[in-house]
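Have the viewer open as you read.

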Amino acid sequence: MTASEVKNTGSVAGGIAVRGLALREKLIFEHSRAGRCGICPPEADVPQALPPAELLREEIDGFPEVSEVEVTRHFTRLSSWNYGVDSGIYPLGSCTMKYNPKAAEAATRIEGLANLHPQTPPKLSQGALKLMYHLAELLGEIAGFKAITLSPAAGAHGELTGMMMVRAYHEHMGNVRRKVLIPDTAHGTNPASAALCGYEVVQLATEEDGHLSAETVKAAMDEQTAAIMITNPNTLGLFEGEIAAIAEIVHERGGLVYCDGANLNALLGIARPGDMGVDVMHFNLHKTFATPHGGGGPGSGPVGVSARLEPFLPVPRIRRTPDNRYVLDDKAPESIGRVRAFYGNFSIMVRAYVYLRLLGAQGLKNVSEMAVLNANYIRARLEPNYVIARRGRSLHEVVFSDEGFPDGCHTLDIAKRLIDLGFHPPTVYFPLIVKGALMIEPTETESKESLDEFCDALLQIAEEARKDPELLHEAPQHTPVRRLDEVQAARKPVLKA
Ligand SMILES: *Cc1c(COP(=O)(O)O)cnc(C)c1O
């Protein structure tokens, strides 16, 4: 460490990082020494049964040659670089980085569930089908929908499935229509899903305080508009209070209302999108109903629909026969067809089901109330030193900006400095309409102590920005790698030494 590096020994109250044992790690290729091997068994004294020559691979050029202890330490050290919700507060907004109860995890490991082959015939997988059937029923009840498909593998896949149903519905009505309305607060997957279904995206501007007004929708809505895609609460963490009026306007002109349900964590047991006039909505089981996520999966994005979209649901559908057997039904003439092999990511459904049964109705309501309380606690503590992005009332997440920070101190610097103080940064630069957005979603499981430690760190950073901005610019200093050139990393990734 150089003197300038030592200067910073950030003294925040909390934080989980210790200095001095941040393990450095080389690439596995750099550990390689010719002739080293993992296991060196003695020479065989019986004839060896080698696979046929055509199955043997050519030697791989530059393949690392390392000992067992080297390879074990290499990957163990790398694993210590992983930060997860099991390590500490994971305040990413928009993604609900929910703590995954160990009971939910344990249930997925039950052998009959974990090792169930997807091709097991229904008569031998009644338990799994029953679990899925009941999960769908619970989701329908929670969000107010007539029917649910569990097939989609993630939220974005749910959106695509939902918009395919919207298109099938309009086709059935004799005009597929051309456009889909999407407010400027939307997650990027919304316009992508609409465009993939052949629709032109019309972006709607939200009001000064961050909400979408019914007037704006009225002005944009016409008979060529297939649907509106709306997120509620929206990505600013604000409840769209005019949703019912918006749904009425859209329905009046023959359109449908799609709700992005990624933020359902704010509404459980309190309000139901189906009751607000929503026709179709995806859930993100991996956000709202346990399951750790990140790094691209696995996820599960069930879709709920109102009665008029039910005929278009993907197959297979799980049905209960009058004698209480569960069957996979492929016969649905108006269905959009299959959206996935088999019936979706089953183990995510097991976690969600256990999570729901563990909490029960009152427990679920507590989840949302605590999630909203926690976000508002953070808002109250930080608001004196951080500018809130939009003035509306926050629900489960809160969005600040870097407005008012001294010249040259931006959101990225705040995020990097948080790492030095031992915290995972929140979501940054999203939603896109907020310049320098810092989007924080603590979730319901964080204690007051952990919220306070996190807020203390952010308040310390606000002060440092005024007194010693270099600390922000040079962060992170206490990590195995310092600040990366993100453009270079994206454009010219070096994956091999
Ligand atoms: C996460 C998210 C999505 C996409 O969901 P995935 O499961 O990541 O595909 C869509 N909309 C919003 C608002 C989200 O936060």
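## Cysteines

A disulfide here is a pair of cysteine sulfur atoms within 2.5 Å. Keep in mind that this is a predicted model. With that cut-off, the count comes to one disulfide. The pair is Cys 37 and Cys 40, whose sulfur atoms sit 2.4 Å apart. As for solvent, Cys 37 is partly exposed at 32% relative accessible area, while Cys 40 is exposed at 58%.

What about Cys 197? The closest cysteine sulfur to that of Cys 197 belongs to Cys 259 and is 17 Å away, so the distance is too far for a bond. Cys 197 also counts as buried, with a relative accessibility of 8%. Cys 259 is in no disulfide either: its nearest cysteine sulfur, in Cys 95, is 16 Å off. Cys 259 is buried too, at 2% relative accessible area.

## Ligand site

Which residues surround the ligand? The list runs Ser 94, Ala 154, Gly 155, Ala 156, Glu 159, His 187, Thr 189, Asp 260, Ala 262, Asn 284, His 286 and Lys 287. Sorted by class, that shell has three nonpolar, six polar and three charged residues.

A nitrogen atom of the ligand lies 2.5 Å from an N or O atom in the Asp 260 side chain. On its own the ligand has 380 Å² of accessible area, and the protein covers 88% of that. Helix H7 (155-173) and helix H11 (285-288) are the elements that give two or more residues to the shell, with H7 supplying the largest share, three residues.

## Thr 443

Where does Thr 443 sit? Look in the loop that runs between strand E13 (438-440) and helix H14 (448-467). Is Thr 443 buried or exposed? Its relative accessible area is 1%, so Thr 443 is buried, the cut-off being under 20%.

Technical notes. Residues numbered from 1 in each chain as written. Predicted model: local features only at pLDDT ≥ 70, side-chain atom pairs only at ≥ 80, totals over all residues. Heavy atoms only, no water. Helix = DSSP H or I, 4+ residues; strand = E, 2+ residues; numbered from the N terminus. Buried < 20%, exposed > 50% of the residue type's maximum accessible area, 1.4 Å probe, protein only. Near = heavy atom within 4 Å. Polar contact = N/O pair within 3.5 Å; in protein donor to acceptor, adjacent residues only side chain to side chain. Areas by Shrake-Rupley, 256 points an atom, 1.4 Å probe, with all protein chains shown as cover. Nonpolar A, V, L, I, M, F, W, Y, C, P; charged D, E, K, R; others polar.
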